[in-house]
Structures are given as C-alpha cells and as structure tokens.
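Thanks for coming, everyone. I would like to walk you through one structure today, beginning with a single residue and then stepping back to its surroundings.

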Amino acid sequence: MQHISARLIKSLSFSSIPGTTLQEIASSRPKGVAKVVLKKGKTQLFKDGSPMVYSGAVDRIIGRPPPRTGDIVLVADGTEKPIGWGLYNSVSMFCVRLMQLEEEATRDPPCALNMEKLLEARIDAARELRKSLGLPSANTNAYRLVNSEGDRLSGLIVDVFGDLAVIASSAAWVEKYKQEIEACISRIDEINHINWRPSVEILKEEGINLSDLKEMRPSACPERTKLDTPPPKTKPQDSQISSGCKHSPTRDACLLVMENGIFYAISLEGQKTGFYADQRENRQFISTISDGQKVLDICCYSGGFALNAARGGAVNVTGVDTSLPALELAKENIVLNNMDPGRISFLREDAAEFMKGALSKNESWDVIIVDPPKLAPRKKVLQSALGMYRTLNSLAMQLTKRGGLLMTCSCSGAMTQSGMFLPTLQGAASMAGRKITVLRQAGAACDHPIDPSYPEGAYLSNILLRVL
C-alpha cells in the first residue's frame with residue numbers, strides 16, 4: 001500500500017465514497033465548478049424541489065472564468081454552502097435548471113456533477129415508472145416516456161410511438177447533451193428509431209443559435225434500421241403494429257400506432273411530437289359514454305375523441321377541424337379501424353363558424369367535445385384568450401341537448417394554472433342561457449407526471465359538464 005502513488009490516490013473518484021459532499025466532489029475537479037449563490041430568503045423554494053432557478057433569485061456567481069451556457073454549476077445558499085447542482089444558462093430567464101439536491105448527491109454520489117450518469121439514471125427510472133403503469137401494452141404503444149420536470153429532466157420530453165422515440169428539446173442543455181440522450185434512448189430494446197424535434201421558439205429564448213441546429217429530420221439509432229428507408233405501410237394485424245410510412249419521409253413521414261385498441265396514422269411532421277398522448281385516458285372515457293349517442297368533436301385534429309366515440313357505439317359522429325393534413329389522417333383512421341364512414345365523418349371548417357351554422361339550423365348533439373389548440377401560450381395573452389374560450393364553450397353549450405354532456409378542454413398552461421377555466425365555463429353558461437354541473441375533472445394521462453414543487457408543469461384541463 002505504501003507504494004501507491006499520490007497521483008493514483010487523487011485519481012480515485014470522490015463519487016465512489018458514500019457521504020461525499022458536493023463541495024468535496026467539486027473541489028476534486030482540476031478546474032473546479034462555478035457556484036451560483038442565491039439571494040437571502042430564496043433558498044427554501046429550491047430546497048423544496050423547484051427545479052427552475054430564475055435569474056431574480058441569484059445574488060452572485062463565483063468562478064473565473066464565469067460559467068458558460070450548458071456548464072454544470074453548484075447552487076448555494078447565502079453562506080455559499082451548496083444545496084444542489086444544475087445546468088447553467090447565461091441568457092435564459094432560468095439561470096439554472098437544478099438536477100440534483102445535496103442530500104440526493106450524498107445518497108447517490110456516482111450521479112453527482114455527472115450529467116451522463118444522471119441521464120442514464122433518470123431515463124431508466126422513467127422507463128420503470130411507465131412499465132409499472134402498464135405502458136406499453138398489448139393495446140397501447142403510444143405514450144410519454146420522459147415528461148420534463150415531472151421526470152426531473154427539465155426541458156426534455158420523449159414520446160414513444162411503437163419503435164420510434166420522438167425527442168422534443170426545449171432547453172439549451174438538452175441540445176448540448178443530444179448525443180448522450182440519444183445513446184440512453186437507443187439502449188431501450190423496443191426503440192429502433194429516433195426523431196429529434198427542437199422546440200424552435202422556446203430555444204430562441206434559451207439563447208440557442210438556430211443556424212447551428214441540424215435540420216429537423218429523423219436520425220437513426222446506432223446499429224439499427226434507418227428510418228429514412230422505411231418498409232411500405234401495411235394494414236396492421238391485431239397482434240402487430242407497423243412502423244411503415246405512407247408517404248416519402250422527405251415529404252411527410254407517417255407511421256401507425258395503437259392507443260386503447262384503436263389504430264392511428266400519425267405524421268412525424270405534425271404538431272408537437274406528432275400525437276397527443278396526454279388525452280389517452282380522457283379519450284377512453286368518451287368511449288364509455290357514447291353508446292347510442294350523437295357526438296360532435298370540435299377541433300378534432302386527427303380524430304382521437306371521434307374514433308373513441310364511434311368505437312363506444314355512437315350512432316353518429318361528426319369531427320370538425322381547420323387543418324387539412326389532420327383531417328386527411330382522421331379519414332385514414334376510419335379505414336384503418338374498419339369503421340363505417342356513414343356513421344363517422346370529418347369536416348374542414350372553423351369551429352365557431354360551424355357551431356353558429358349548426359345553431360341556425362337548430363341542430364343539437366347528445367355529447368360534444370371541445371378541444372381547441374393552445375389559445376393562451378403566455379400569461380400576457382390570457383385575458384384575450386378568456387373571451388375565446390367563453391365564446392367557443394357558449395356555442396357548444398347551446399348545441400348540447402338539455403341533459404347532454406360537454407367535455408371541454410384547455411391545453412394552455414396559463415389557463416390551467418390561473419384557476420380561471422371553471423369561472424370562464426360558468427360565464428359561458430350564463431352567456432348561453434344554460435345551467436351546468438361538473439361531473440368529472442381530469443388532466444393529462446398518468447404517463448405525464450407533474451412535480452408539485454413546479455406546478456407550472458400542469459397545463460391540461462379536461463372538464464365534463466352536464467348541460468341543462
């Protein structure tokens with residue numbers, strides 16, 4: 001033992017020693033680690049788990065040269081004692097995205113100040129959680145694998161569609177660690193393809209130079225079949241889901257997925273990651289209340305609620321949307337599921353104009369779904385969005401048969417977090433001259449976990465009303 005050199009002893013990682021503090025691990029690094037010191041009175045919020053350290057909470061930054069965007073930094077209280085570590089951004093209003101608290105680093109030192117190992121641990125934990133929730137399953141292979149703050153990887157979303165993983169990036173650190181993230185995802189047995197989708201507008205706020213981003217197109221996992229040479233699309237069998245594409249992937253790559261036993265053709269160039277898995281449980285609920293009913297699906301996109309209503313025994317289903325590509329997918333989904341096109345139809349029309357026209361013809365429906373796009377993407381436009389929500393829902397209430405059901409949704413985080421959705425619906429009812437009662441309140445499906453220390457992660461509201 002006496003011959004072991006001092007250099008060898010120093011090379012032994014502090015992270016292998018249980019109980020090692022973040023300060024000790026940081027001090028062992030040749031270049032050290034910069035420290036972001038919080039203002040007095042701001043520490044507890046982040047000790048309690050809030051992952052987003054906003055610039056207004058920062059007192060000073062210790063370290064020369066100063067940290068650059070994407071660098072690992074310590075986050076410390078006013079006495080300069082570390083409370084955790086995270087990833088720095090010199091431009092964003094979020095100065096640091098906290099990744100691990102001090103006590104967690106003590107319990108799990110291999111991940112301390114090591115983003116590659118932390119990614120592996122967090123993605124593995126996310127995968128195990130989905131398995132415990134029964135995802136994927138024999139009748140559902142479209143689900144969310146990583147849900148940003150809810151899986152403690154703020155800025156990273158991963159949706160899985162069959163053997164394809166779509167990775168949505170909305171933070172500078174995600175772009176920096178793209179290779180490591182893809183490596184983690186590619187190790188999952190059922191994943192054969194990866195599609196990287198940068199959230200362009202959000203990344204601008206993160207200080208990302210968009211000209212440096214690669215073109216948004218699928219990239220292949222190492223040693224796996226390339227997505228840019230897909231097999232031709234075939235009619236799926238009950239026991240197997242095809243990942244073929246209808247169109248040339250250079251124009252509009254598509255694949256088939258299954259949710260609750262219903263097949264969907266989804267576009268890889270569509271909105272968000274290509275499919276809204278967050279409404280899965282709400283769509284399934286619609287199938288349980290549609291037997292023998294006349295159903296209207298407003299802002300139907302590719303027909304998720306409409307298809308579930310038809311599968312649930314609705315006598316007639318009408319879907320309305322303004323997007324032609326979405327409606328083409330919806331109509332294709334009728335064929336994929338061997339549904340009667342005489343019983344389910346899709347129309348391209350503005351939601352409000354369609355409902356006004358239906359009112360002029362004294363039409364009504366037993367069950368109506370209203371699921372508009374994000375009308376309030378920012379808090380500053382919430383007031384103007386309230387009027388749009390009120391108008392849409394007032395029209396829908398007037399079209400609902402007395403005693404009928406209205407499932408109304410908002411995917412705007414600003415609306416959900418404001419607590420104004422129910423008051424807005426009450427205002428819509430008064431405007432419509434109708435009385436409403438709340439039967440069910442829901443949010444995103446269980447594979448979209450929310451960190452209660454970051455309530456801003458809650459965005460989807462789904463409320464079922466009885467309309468009298």
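Let me start with Ser92, which, leaving aside its neighbours within four places in sequence, is in contact with Glu205 and Glu206, where contact means heavy atoms within 4.5 Å. Before I go on, please keep in mind that this is a predicted model, in which local features need pLDDT of at least 70 and side-chain atom pairs count only at pLDDT 80 or more, while totals for chains, interfaces and linings use all residues. Residues are numbered from 1 along each chain as its sequence is written, and side-chain values use heavy atoms, with hydrogens and water left out.

The side chain of Ser92 makes a polar contact with the side chain of Glu206, at 3.1 Å; such a contact is a pair of N or O atoms within 3.5 Å, and within protein one must be able to donate a hydrogen and the other to accept it, with residues adjacent in sequence counting only if both atoms are side-chain atoms. Is Ser92 buried or exposed? Ser92 is buried, with a relative accessible area of 7%, since buried means under 20%, exposed over 50% and partly exposed in between, using a 1.4 Å probe and protein chains only.

Ser92 is found in the loop between β5 and β6, strands being DSSP runs of E with at least two residues, and helices runs of H or I with at least four, numbered from the N terminus. Six strands form an open sheet with mixed pairing, in the order β2-β6-β5-β4-β1-β3, and two strands pair if DSSP finds at least two bridges between them. β2 (52–54) and β3 (58–62) stand at the edges, each with a single partner strand, so one side of each has no neighbour in the sheet.
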